[in-house]
Amino acid sequence: MNQQEWQLPEGEDKYCWRRLGPKNVPEMGNLIRRIEDFDNPPFRTAVGEIEAFFSAPTKWRTIGAFGADNNLVAYAQVRPRLLVNEVVCDGGVDPRYRGQGLGRAAITWQRDQASILLDASRPGRVLFYVEDVSPDLSRLLLDAGYLETDSFVDVCRDLTNPIKPAPVPYPFEVVPWDEELDEMLRHALNRVLNDNNPESGYSVEDWATRRAAFTPDCSFVALDKTTDRSQIAGFALSSVYRQDWTAVGNRQGYIDLLGLLPGWENAAILRALIAGVLQAFRERGFATAGALLPATVDALTRKLFVEAGFRTVGTSTQYAIDTAATSDS
């Protein structure tokens, strides 16, 4: 790999930035635990997720800042999503070492890496997702030229409360997830995305990578059975993030993806999908169900979550820098 692509931030006398790899998983896990214990976001990062940083697509890059005692005190990461021409950035600084420029150095490095990784012939985007418990990071991003482009609401539902029955009307049927339906769903979503942007969509790798905690037996697909060849009308895909249970305070299941495909805008289908997931979570012995909703989510979806007993427990913000296509690429 071109060494220029991996040019590291200039370190102060006290710190040295280095590339991180699989051998750094234990110390990176310790660093992230210190950060999350201090900031107390509504989740925790598992060792398996950190290992996935280094087994994911090869263009993912992670660096760390080491102190005089060779202790890891900060990290920064860039994760390209090539099909949609985006780079998602992540990182953090040990609470004991904040206010010394490490965060700014990491953000600058991430922006430089994004300029290398993005396809300059297409419009691109550099993204950060920031929990509301990290206002200092939000300020650094705004200072660096990022804009608030979206916000999200964390919602939660106590599964000890009654779950309202939600029968699905004919000719629809809600069925358990299986691999054949999953591939049908990926292709269906790609057709929708391609209608809006011919360059977008999920590769097999992208689809698998974003669902490392996927829980098949709590996931469902709604089928339109009008003809012999069933079509996917809607979907509810769930995950279990066991590492978050300490922060949440109980065993929680999570609705990761929920939606209807164009042409099947029917509240009864969504209502049945949500009820099916909640019932499956309860049968698995979970205490709560969680989900992350865009603040701009349509009124129908918001209403259905409220009707299903969900309440708001936190917020987060998306920050972005958009890049234009260059005419000489």
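**A pocket and a helix pair**

M184, H187, A188, R191, V192, R229, S230, Q231, I232, L261, P262 and W264 line the second largest pocket. The model is predicted: local features need pLDDT of at least 70, side-chain atom pairs count only at pLDDT 80 or more, and totals for chains, interfaces and linings use all residues. Numbering runs from 1 along each chain as its sequence is written, and side-chain values use heavy atoms, without hydrogens and water.

A pocket here is an open set of points on a 1 Å grid over the protein atoms alone, where a 1.4 Å probe fits, with protein on both sides within 12 Å along at least five of seven lines; lining residues have an atom within 4 Å of a point. This pocket holds about 280 Å³, counted as the space filled by probe spheres set on the points. Helix α5 (179-196) and strand β9 (231-239) each supply at least two lining residues. α5 gives the most, with 5. Helices are DSSP runs of H or I, at least four residues, and strands are runs of E, at least two. The lining divides into 7 nonpolar, 3 polar and 2 charged residues. Ala, Val, Leu, Ile, Met, Phe, Trp, Tyr, Cys and Pro count as nonpolar, Asp, Glu, Lys and Arg as charged, and the others, Gly among them, as polar.

Now the helix pair. The axes of α3 (residues 102-117) and α4 (residues 135-143) come within 10 Å and cross at roughly 50°. Axes are lines fitted to C-alpha atoms over the stretch in contact, and angles run from 0 to 180 degrees between N-to-C directions. α3 and α4 are therefore oblique to each other; angles under 35 degrees count as roughly parallel, over 145 as roughly antiparallel, 65 to 115 as roughly perpendicular and the rest as oblique. G103, R104 and I107 of α3 meet L137, L140, L141 and D143 of α4, with contact meaning heavy atoms within 4.5 Å. These contact residues divide into 4 nonpolar, 1 polar and 2 charged.
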